[in-house]
Structures are given as C-alpha cells and as structure tokens.
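Please open the structure in your viewer and keep the sequence beside it.

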Amino acid sequence: MSADSPQVFIVGKIAGATNFNNSSIYVKYFFRVGDHWKKISGQEEGETFQSSSQHSKFVPLEHPIDLNYVTKAVRGWPKLLVEVWEVDDHGRNSLGGYGLSSLPIEPGEYQFDIPCWRPEASFFDKLIGAYPELVHRDLLFSGESRFGFKVESTGNIHIELAIITKDFHLHGVQISNRNYLNQ
C-alpha cells in the first residue's frame, strides 16, 4: 500500500462494564479487519487489568486503545470483540460473556455499549460457578455458524472512541456527510 493510501485511526478506551454477576472483572479484546487492511501501529489484541467496584454496578476499566490502519477498501471495516471474565471471591475465573460490535464508519467521537452474552449454563454449571466457553472464538465473526446456540444475556461493556480518517478523499471515497471534494 502506498503512502497516500486511506488510513483509519482509532483512539479511545474500554471505559468500564455494567450488570455482570461479579463486581470484579477483566476484559480480553480483539480487533478484526478485512483482507485489504494492514495495521500500522497499536495493539489489536490485549487484556485490561482486573478491576472491581463494591459501591455500584459500574466497574471502571479505563483501558486505552490506540490503533492505526491503512486500507485499500472500505469493506472489512474494523470490528471489536470483547470477552469478559468474572473473578469470584475465591479468585476463580469464569466467563462473563462475549460481545461484538462493528465500529462506526463515519469520523467522530462515539460512546456506545457492547451487549454481552454467554452460552446458556446447565444447572450443574451454575452450581459450581463455571460457564461453558466457545472453543473457537472466530466463530463469533462468522454469522452462519452461530445459529442454534442457547445463550443468556449478561452485561454491557462501555466503549469511548474517536474515529479519524485520512486520505479517503484522495481516492474518491466519501464516508461522512461532509463533502471532502469541495474543501
């Protein structure tokens, strides 16, 4: 890809979580893009610190995100997958939920929630405090393979991001309501 290829900057944070069973959680996150995208800088995968809150349903995470991609096509726009892990009073980790969101395509500042779910647990699973996990996480990106799951809703992950685009107008691509060609 050339130096003037369109670029997308994603800057912000995983702000926190609400409505999970345990007040102590951490989040693993994964950005996925299409075949015509290349990461220039930043971390596409990572894990927040474990955080807890005893006084409210909101658990602050404040984990920074700073990514830069170059692309040849709008197709394959970035998606964010989150995997929430709850930690109980005995230090045991159990799946809190999975969530997936496409990022906004128009440049700007955004605050949004990613609703999370997990495979439905049996009575025995709930009794011991363990929840089923997906063996292959990539299944979440493929809509055709998800049908037939019995799932339960869990909580929400709060995201705050700024989407910044560069040089799309040089290639005749308008991705916002602004008219770049008349600037």
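Is K13 buried, partly exposed or exposed, and why does it count as such? Select K13 to begin: at 23% relative accessibility it counts as partly exposed, because that label covers everything between buried, which means under 20% relative accessible area, and exposed, which means over 50% (1.4 Å probe, protein chains only). Before going further, please keep in mind that this is a predicted model, in which local features need pLDDT of at least 70 and side-chain atom pairs count only at pLDDT 80 or more, while totals for chains, interfaces and linings use all residues. Residues are numbered from 1 along each chain as its sequence is written, and side-chain values use heavy atoms, with hydrogens and water left out.

Strands (E, at least two residues) are DSSP runs, numbered from the N terminus. E62 is also partly exposed, at 45% relative accessibility.

The structure holds 7 salt bridges, and another of them can be found by selecting E45 and R32, whose side chains meet at 3.1 Å, N to O. E45 belongs to strand β4 (residues 45-47) and R32 to strand β2 (residues 24-32), so this pair ties together parts that are 13 residues apart in sequence. E45 is partly exposed, with a relative accessible area of 42%, and R32 is partly exposed as well, at 25%.

Next, select E152 and R118, which form a salt bridge through their side chains (2.9 Å, N to O). Because E152 lies in strand β10 (residues 151-166) and R118 in strand β9 (residues 108-119), the pair ties together parts that are 34 residues apart in sequence. Here E152 is buried, with a relative accessible area of 18%, and R118 is buried too, at 3%.

For the last stop, select S24, which lies in strand β2 and is buried, with a relative accessible area of 11%. Leaving aside residues up to four places away in sequence, S24 touches several residues, including Q50, W85 and V87, where contact means heavy atoms within 4.5 Å.

Definitions and conventions
Salt bridge = Lys/Arg side-chain N within 4 Å of Asp/Glu carboxyl O. Helix = DSSP H or I, 4+ residues; strand = E, 2+ residues; numbered from the N terminus.
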